Structures are given as C-alpha cells and as structure tokens.
Amino acid sequence: MKCTRSRSWRGTALALLAGLALVANASALEDGAKAPDFKLPSLDGGKSLSLASFRGKVVYLDFWASWCPPCLTSLPLLEDLRKQFPNDQFQILAVNVDQDVAKARKFLERTGVGYPSATDPKGRLPEMFGVETMPTSFLIDRTGVIRYVHHGFRKGDVGPLRERIAQLVAARPK
Amino acid sequence: MRWPMFRIPQRLTKLALLLCAAALPLSAAAAAEPLAAHARARALGAFDDGNPRVVASLLVHPDDSLEGGSLRLGVLFELDAGWHLYWRDPGESGLATELHWEIHDAAVEPVAWPAPSAFKESEGLFTTYGYEGRVLLTTRAVFAAGVGRERIARVRADLLVCEVECIPAKLVLERALAGDAGGSSVRALFAEAAGRTPLTPAALGITLDLSTETASPSTPEAASLVASLGVHPCRGESRCAGVAPAAHAFFPDRRGGVEIERIESQPDGSGGFRVALAGRTLAGITPRLMGVLALVAADGQRQHVEVDLALRSTSPPAAMSSGAAGLAQAIGLALLGGLILNLMPCVLPVLAFKAVAIADLAQRRRGEAFRHGVAYLAGVLASLAALAAVVVALRAAGTAVGWGFQFQEPLFVAAVASVLVVFALNLFGIFEIGVDTARLASLGAQAVGARRSFFDGLLAVVLATPCSAPFLGTAVGFAFASDAVVIFAIFLAIGVGLALPFLLVSAMPGCARWLPRSGAWMPKLRAGLGFVLLATVVWLLWIVGRGAGSDAMANLLAWLLALGFAGWLYAVLRESSRVVFRTGAVLAFGLLLVAGAGVVRVERATATNEPAANDARAARPYDAAAVEAERRAGRPVFVYFTADWCLTCKVNERIVLEDTAVRAALAGFAVFEADWTRRDERIRAALASFGRSGVPLYLLYPPGGDSAPVRLPELLRKQPFLEALREASRTGSRVREVTLSPARESIFSRLASQGELQGSRS
C-alpha cells in the first residue's frame with residue numbers, strides 16, 4: 001500500500017480531545033460569560049501577555065492566523081480602530097495560532113500592526129475559548145465579561161464594531 | 001446562557017432540512033444513485049452555525065473496474081456560494097487541501113490537481129489559489145495481485161474553506177470499490193476535471209525556456225530571484241499557436257523551493273510571451289520553477305501547462321537566448337557535434353569506407369585529392385540541406401518530427417538497406433556505379449572518383465542521422481525550436497563538422513602519408529568493407545523486423561536479393577561488346593527492379609512502441625505521470641530515450657545498461673524506457689521538453705518531486721554512470737520536502753476535530 005505518512009497517533013489524540021470536549025460540553029464562549037484569564041508569550045519576543053493585565057480597559061481579543069485570509073483583512077482595519085480610542089480605555093490583544101511563528105511575524109510586519117499579539121502555536125487558547133472558525137473575536141468589557149463575539153471579518157464590519165466598542169468604553173464601571 | 005442550550009436544537013433543525021435535501025440529488029454532479037448505496041461516501045463539513053459549507057463525495061469512474069487493475073478515484077467538493085478551498089499551493093495565505101488515501105494493496109498516485117483560480121484577498125493585498133463552486137480532485141489507484149475481491153477505499157480530506165471566515169474541515173469518506181455501475185454525470189465530472197488538469201508543455205506542443213538574472217540560482221541558500229519564463233507557441237495547431245497569457249498567467253508552486261511574489265507577462269514579439277517572475281528561492285532545497293502556466297490559445301481556448309524547470313543553467317536551450325548569440329552558440333555546437341559524429345557507431349561503416357579513400361588520396365596530387373574532399377563535403381551538405389528542407393516542409397504541414405525521424409519509416413529503412421547492398425556489391429567488384437568504363441582500369445582509381453566521394457557524403461549523412469552525438473542533441477534541439485533559416489544553418493553546420501576531417505586530410509595529403517601505400521591489398525580491403533556494409537544491412541533488417549514484422553523483413557530480403565541479382569546481371573551483360581546485350585542489360589535491370597518492388601510490401605507498422613527484450617533492465621514504458629508518481633513516492637528514477645535504429649543507444653544499452661554491476665545499481669531505481677523506434681508524438685514531445693529532438697537521452701531523477709533531473713552524456717561509460725547513480729541516490733536523501741504548512745497548525749487539527757464533532761453532535 002502506498003499512502004501518505006500515517007498520522008494515526010494524531011487521530012487518536014484528536015478523538016480523545018473530541019470525546020473530552022463532548023463530555024465537558026466545551027463550546028464557544030458566548031456574551032455574558034466571564035473571559036478566562038491566560039498568559040502567553042508575545043509574538044515579537046517581548047514580555048508575556050496576560051488578559052488580566054488589561055483589566056479595567058475594554059479589550060478586543062482577536063484570534064488570527066497567517067493561513068486565514070479574512071484575518072489578514074482585519075489586521076490593518078483593527079489597527080485603525082485601535083487608534084480611534086484612548087489607550088487607557090481600549091486595547092486590542094491578538095492571539096496568533098500559527099505554528100510557524102516566523103510566518104506570523106512576517107504578516108505583522110507587512111500589515112504594520114502596532115497592537116500586541118500573543119503566540120499560541122499549540123492552540124490551547126482557542127480550545128479554552130471554544131473558537132470554531134477563524135477569525136473569531138471577543139469584545140470584553142472592563143470587568144472581564146464577554147459582551148460580544150464576532151465571527152469572520154469583512155471591511156463593513158468596522159462601523160458596527162466601533163459602535164459596540166464606543167458603548168462599552170462609555171459605560172463607566174460601577 | 002451557554003449556547004448549546006438553544007443552539008443544538010436550532011442546528012438539528014437545519015441539519016434535518018439539509019439531510020432531506022441530500023436525499024435528493026444535491027446537484028447533477030453529486031450522482032446520488034451510486035452513492036446512496038454507500039452512505040459514508042458523502043460527508044458534510046466546515047459547519048458554520050450549523051450549515052455545512054462543503055459537501056464531499058468519494059467517486060469512482062464508472063468505466064473502471066477492479067478487474068482492470070486500476071481505478072480512477074475522485075473526491076468531489078461542492079462549496080456554498082462565495083466559499084473556496086485551496087490548491088496544492090494555497091498562495092500567500094490559506095492552507096493546502098490534503099487527501100490521505102487508505103486502500104489495501106493499492107498504490108495511489110498523486111492527486112491530479114485541476115488548474116486553480118486566483119483569489120485576491122484582503123483588499124488585493126494577498127493572492128491565494130484554489131477552487132470555488134465545485135472541484136473534483138482525481139487520482140488513480142493501481143492494485144496489486146488478487147483483483148476482483150471486494151475492496152474498500154478510505155480517504156481523509158484535510159481542508160480549509162474560507163469566505164469572510166475560515167473553517168477547517170476534516171472529512172472521512174469511505175466506500176466499497178466493487179460493483180458500482182456509476183452514471184454519466186460522474187463520467188462527465190471526471191471528464192471536466194481532466195479537461196482542467198494542466199498538460200505538459202510537450203503535450204500541448206509549446207516550448208518553454210527559463211532564464212534567471214540571479215547569479216547562482218541553483219544554490220540551496222535562500223536568495224532573491226528574478227527570472228523570466230519564455231513561452232513559445234507551436235506552429236500549425238490552433239490550440240497552441242499564438243498563445244497569449246491568461247489574466248493570471250502563472251500559479252507558482254513552492255514545492256520547487258521558489259516563492260514568487262510578482263508576476264508580469266508581456267508579448268515577446270514572435271508570437272509567444274514572457275512571464276517576468278520576482279521572488280526568492282527557499283533555503284535547503286535545490287530550486288526549480290514549479291507551477292501552472294495559464295494561457296489562451298489562438299482558438300480562444302484556455303489551456304494550462306504544468307511547469308517544472310530547473311533554475312540552474314544546465315539546460316543549454318534555457319541558457320541559449322534566441323538571439324544572435326544563441327544562434328552562434330548553437331552553430332558552434334553543431335560543428336562540434338558533426339565532428340564528433342564521425343566517431344559514433346552509425347557512421348563507422350562510412351568511416352571505414354573513407355579510410356580506404358584517404359589511403360588512396362595520400363598517393364594523389366594535392367589538387368585532385370582536394371577535389372574529392374570538396375565533393376564529399378558537397379554530398380554531405382546536399383543531403384543535410386535536403387533533410388532540413390523535409391523538416392521545414394513537414395513542420396509547415398503541421399507535422400512535428402525529430403532528428404532521425406526518417407528511420408521511423410520502414411520504407412526509408414528499406415531504401416537505405418538497398419543503397420547499402422548496392423554499395424557492398426560494388427565493393428565486392430560485382431559491378432560499378434555510374435562511372436564511365438574508361439575509368440574502370442584501376443580499382444583504386446574507382447574508389448576516389450569525385451562523384452563517388454559525393455555519394456559517400458550522402459551515405460554518411462543517411463547513416464549518421466539516427467545517431468545523436470555529444471553537443472549535437474543540443475544544437476539540433478535548438479534548430480527544431482527555431483525557424484526555417486536557423487534549421488538550415490544548423491544542419492549545414494553539422495555537415496561541415498561531419499565532412500571536416502576528410503576535407504582537412506584531402507587538403508593536406510601530407511597528413512595521410514603515414515598511411516600504407518595503395519597496392520594489391522586495396523581490392524581485398526574494399527571487399528572486406530563490403531561486409532561491414534552488409535552488417536549494417538543486417539541491423540536495418542532487424543529494425544524493419546521489429547517495426548513491421550518478419551513478413552516485411554522477408555519481403556525486404558527478397559527485394560535485396562532481386563536487387564543484387566539485377567546488379568550482377570546488369571554488370572555481366574554490360575561488359576558485352578554487343579549493343580543489344582548492353583541495351584538488354586539495362587532493360588533486364590529495370591524489369592528485375594519492377595518485379596522486386598512487387599514483392600516488397602514493407603508496410604508501416606501500426607503497433608505502438610512496446611519495449612521488448614528490456615527485462616534485464618526491468619524498464620517500464622515511459623509515462624510522465626508514472627515518473628512523477630515514483631518521484632513523489634521517494635524513489636530515484638532513471639529514464640532512457642532510445643530507438644532500435646539508434647545504434648548509439650543500442651551500444652550504450654548492451655555495454656552499460658545491461659552490465660551486471662549497473663543492473664544491480666539500478667535495482668533501487670524506477671527505470672522507464674521511452675522507445676522512439678516508431679513515430680510517437682508523446683515521446684517526441686517529451687524529448688522536446690528537455691530541449692532535444694533526437695535519441696539517446698538519459699535522465700536521472702533523484703527521489704522527491706522537487707529535484708532536477710541529471711542529464712547524462714549521449715555516450716554512457718560504466719564507471720561515470722555508476723557514480724551518477726550513486727550521486728542520484730545520495731542527492732535524494734539530502735533533498736528536503738518543502739512543507740507548505742509545517743505539520744499543519746495544531747489549531748487547524750483541533751478546529752477540524754471540532755468540526756467533526758459538531759457534525760456528529762448536530
């Protein structure tokens with residue numbers, strides 16, 4: 001028999017993961033859920049990034065990969081969006097899931113994005129957040145509660161997104 | 001609230017609707033009837049809020065059966081509007097689609113990828129390559145022994161589908177391979193896929209050349225690359241004449257170790273076009289330009305051509321520009337090739353002939369000797385000019401031919417055999433050809449008649465054409481890819497090279513003084529050489545026998561006998577002093593020829609070129625796809641282009657390829673024989689794709705699909721050949737497969753597993 005390289009071990013691992021997920025009823029985090037905290041290395045090799053360090057600000061948590069064209073569409077548009085709000089009120093935190101970190105860095109350079117991006121080549125965080133499609137983004141309020149989940153990305157998404165961010169930024173903590 | 005509480009019922013509703021829809025044929029292409037019997041032959045994937053964005057079906061070509069030993073299989077992907085999946089090289093983003101087959105006791109060939117479309121993504125910032133709507137990725141499973149049993153094909157497809165979001169999918173399809181009647185819709189799908197699958201340049205009839213501006217493009221270090229791919233149309237056929245680049249002219253494939261970032265095409269002013277490519281070579285691999293060229297032929301049809309060219313400038317046609325410098329270089333090579341042709345086994349009988357003439361020349365006056373040299377040159381040039389004229393005429397008529405093509409015609413071979421028999425009889429002294437009786441006094445004098453030298457020249461060319469020599473292949477390859485004037489120039493240059501040694505000796509008879517003085521030994525030597533010519537006739541008879549059968553061979557022998565007898569009768573009667581006998585001699589000769597011609601029916605063989613008697617080399621008939629499959633499977637490949645009428649080829653095969661040590665060394669290689677004994681457009685085109693128009697040609701491919709073939713010299717020698725075999729095996733172990741999606745991102749696998757889970761859960 002002439003086949004491609006066997007990945008049976010991987011299949012087993014996936015089956016286990018799938019089974020666990022089914023038992024645990026793992027699913028995408030929805031609005032209203034508390035965003036789980038995490039700490040991941042920075043893609044640019046700088047200090048680690050944790051969600052907790054952004055507490056008190058509205059955070060747009062964006063999952064992206066270099067193999068995902070719509071993610072690449074979103075990068076420069078999100079960069080524009082970020083500049084429209086004060087840094088101490090709103091932050092974008094990106095989580096890159098590329099296994100090839102160099103590839104991800106190359107795309108960041110090409111798009112000239114200034115916001116921080118964490119690297120999660122093992123894909124633990126998408127699992128934690130129940131990410132099923134790419135890009136998926138979570139708009140998190142100042143208290144760490146998910147207020148909106150955004151799937152996919154097209155140019156026209158920026159306007160409504162700005163509205164939502166503006167509302168959350170305007171809502172002062174009680 | 002956590003989404004499964006309300007989303008699962010919603011998804012279930014959608015899926016139920018969808019499954020109802022699936023019970024009906026989803027499309028004509030889905031071929032529901034045969035698939036219904038194999039529930040797992042279809043799978044849904046890439047769920048987007050419960051909607052599957054892709055439906056995959058495992059299809060078997062309805063015309064194939066297990067009894068046939070191989071089956072065409074295909075995975076049909078049907079995508080929602082606006083969604084696409086990716087080609088084998090996804091481009092600047094995306095993920096390549098992968099098919100992992102599991103079929104017991106079967107070798108599955110690489111996927112035949114239809115030409116992709118280019119997608120401008122992220123506001124045109126990135127270009128990706130893939131398919132939208134529907135696409136059938138086909139392959140062929142070749143079964144080992146024990147056909148006829150029920151068999152199961154299983155395939156796992158890993159793919160990414162994207163629109164404004166991307167969803168990975170892992171789909172597993174399975175079906176029995178026996179007893180599926182199939183339908184016309186499936187047949188149509190396979191035909192559509194085949195129609196979109198790129199051809200080799202040779203199959204389309206165009207020629208490509210690649211020039212690079214990078215100083216050392218072949219180094220396995222990463223470097224910037226500026227290259228230009230020349231696309232030269234064929235002549236005559238509307239599907240390849242006057243080709244123009246399609247809107248997206250080139251789909252680069254990074255498996256060749258080259259990343260292309262900029263593609264621009266422009267007309268080259270001679271009916272073709274050039275594609276300027278800028279990018280870089282990747283580290284750790286000897287780079288090749290791989291990809292698919294998209295073009296529009298004069299008849300408006302879109303055509304796709306598979307490109308796989310070495311970047312290093314070992315290929316002389318690639319290195320030679322089509323300008324004046326290229327022509328000068330080709331003419332130089334033609335001269336050199338013609339010169340070396342004198343040493344090739346085909347020309348040896350003529351050389352033996354000329355040895356006698358030279359010996360005689362040594363005794364003659366300078367002016368007379370030179371006249372013979374010039375006559376010989378004239379004979380050589382006249383026949384080469386005639387050959388060039390035939391080539392040009394055939395090409396104008398739309399027939400592509402190669403060097404030595406005339407030997408593919410049994411009638412031509414028969415004619416050459418006849419000429420050789422007549423020459424042999426002449427050497428035996430049975431009769432004389434076309435010289436006046438006054439000059440019959442001395443046998444030595446007959447040998448060097450100027451007219452005879454002219455005919456010797458003709459014969460030298462006739463016998464030389466089935467041979468290719470070092471440098472000659474390159475020059476002729478260049479000629480066949482050029483216009484009529486260049487063909488004539490190069491053919492005549494070959495002639496000058498071929499005649500040069502004899503011409504030089506005749507110009508400087510002093511050089512030949514070392515030869516023994518002519519004397520009584522000369523008639524004996526001439527008779528001996530007659531046997532050399534007859535030995536050549538034996539070879540020609542064998543060619544006719546191989547090509548047209550033993551009946552044709554016997555017919556030819558009968559004809560040669562009649563010819564010999566006619567010659568003898570002619571000589572006997574002609575010597576008579578009576579006019580009536582002399583007239584009778586001519587009449588008898590003519591009558592015998594007519595009678596003999598009636599006996600001869602050397603019909604052109606209709607059979608295809610089948611390799612015979614090559615068991616020792618365990619060669620398979622040449623098939624570009626099979627070569628590619630072996631390379632991808634990691635086996636080194638040896639391909640030899642040969643023909644029965646190519647004496648150089650036969651000598652190489654007997655002395656080198658059938659040597660015990662060589663056979664042992666070749667055991668680890670997949671060996672292919674491309675037999676060009678009879679006309680075969682496929683093999684002519686394959687030769688042309690390597691810049692050649694004649695045999696022999698020897699190619700060594702290191703294992704792995706991304707490495708350049710090593711072209712071996714026309715004259716094989718055992719030790720260098722063994723060394724080349726060892727080197728090819730070693731190179732293979734160094735060649736690293738360039739992975740487009742290194743180990744495929746874990747998120748991808750994980751998400752894909754979720755996709756599966758979601759599907760099952762819904």
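**Helix 11, chain B**

I began with the buried residues of helix 11 of chain B in this predicted model, and I listed them as Arg452(B), Ser453(B), Asp456(B), Gly457(B), Leu459(B), Ala460(B), Val461(B), Leu463(B) and Ala464(B). I then checked the length of this helix, which covers residues 450-464: its 15 residues reach 21 Å from the first C-alpha to the last, close to the 21 Å expected at 1.5 Å a residue.

**Nonpolar cores**

Which residues touch the most other members of the largest nonpolar core? I found Phe638(B) and Phe641(B) in that position, within a core of 67 residues. The largest share of this core, 10 residues, is supplied by helix 9 of chain B, residues 410-427. Leaving aside residues up to four places away in sequence, I noted that Phe638(B) touches Leu657(B), Leu666(B), Phe669(B), Ala670(B), Val671(B), Phe672(B), Tyr698(B), Leu699(B), Leu700(B), Leu712(B) and Phe721(B). I also looked up a second, separate core, which has 58 residues and includes Val59(A), Leu72(A), Phe138(A) and Val149(A).

**An open sheet in chain B**

I traced an open sheet of 5 strands in chain B, with the order 1-2-3-9-6 and antiparallel pairing. Strand 1 (42-48) and strand 6 (106-108) of chain B each have a single partner strand, so these two stand at the edges and one side of each is left without a neighbour in the sheet. From one strand to the next, I read an average twist of 25 degrees.

**Chain A**

For chain A I noted an average pLDDT of 81, with 82% of the residues scoring at least 70. Over residues 1-26 of chain A, however, the pLDDT is below 50, although this stretch has 38 contacts in the model beyond near neighbours in sequence. Where pLDDT is low, the predicted coordinates should not be read in detail.

I counted 5 helices and 7 strands in chain A, and along the sequence the pattern reads α-β-β-β-α-β-α-β-α-β-β-α. Of the 174 residues in chain A, 53% are buried. Finally, among contacts in chain A between residues at least 6 apart in sequence, I found that 72% join residues at least 24 apart.

Definitions and conventions
Residues numbered from 1 in each chain as written. Chains lettered and ligands numbered in written order. Predicted model: local features only at pLDDT ≥ 70, side-chain atom pairs only at ≥ 80, totals over all residues. Heavy atoms only, no water. Pairing = 2+ DSSP bridges. Helix = DSSP H or I, 4+ residues; strand = E, 2+ residues; numbered from the N terminus. Axes fitted to C-alpha atoms, helices over the stretch in contact; angles between N-to-C directions. Core = buried A, V, L, I, M, F, W, Y, C linked by side-chain atoms within 4.5 Å. Buried < 20%, exposed > 50% of the residue type's maximum accessible area, 1.4 Å probe, protein only. Contact = heavy atoms within 4.5 Å. Expected span 1.5 Å × (residues − 1). pLDDT = per-residue confidence, 0-100.
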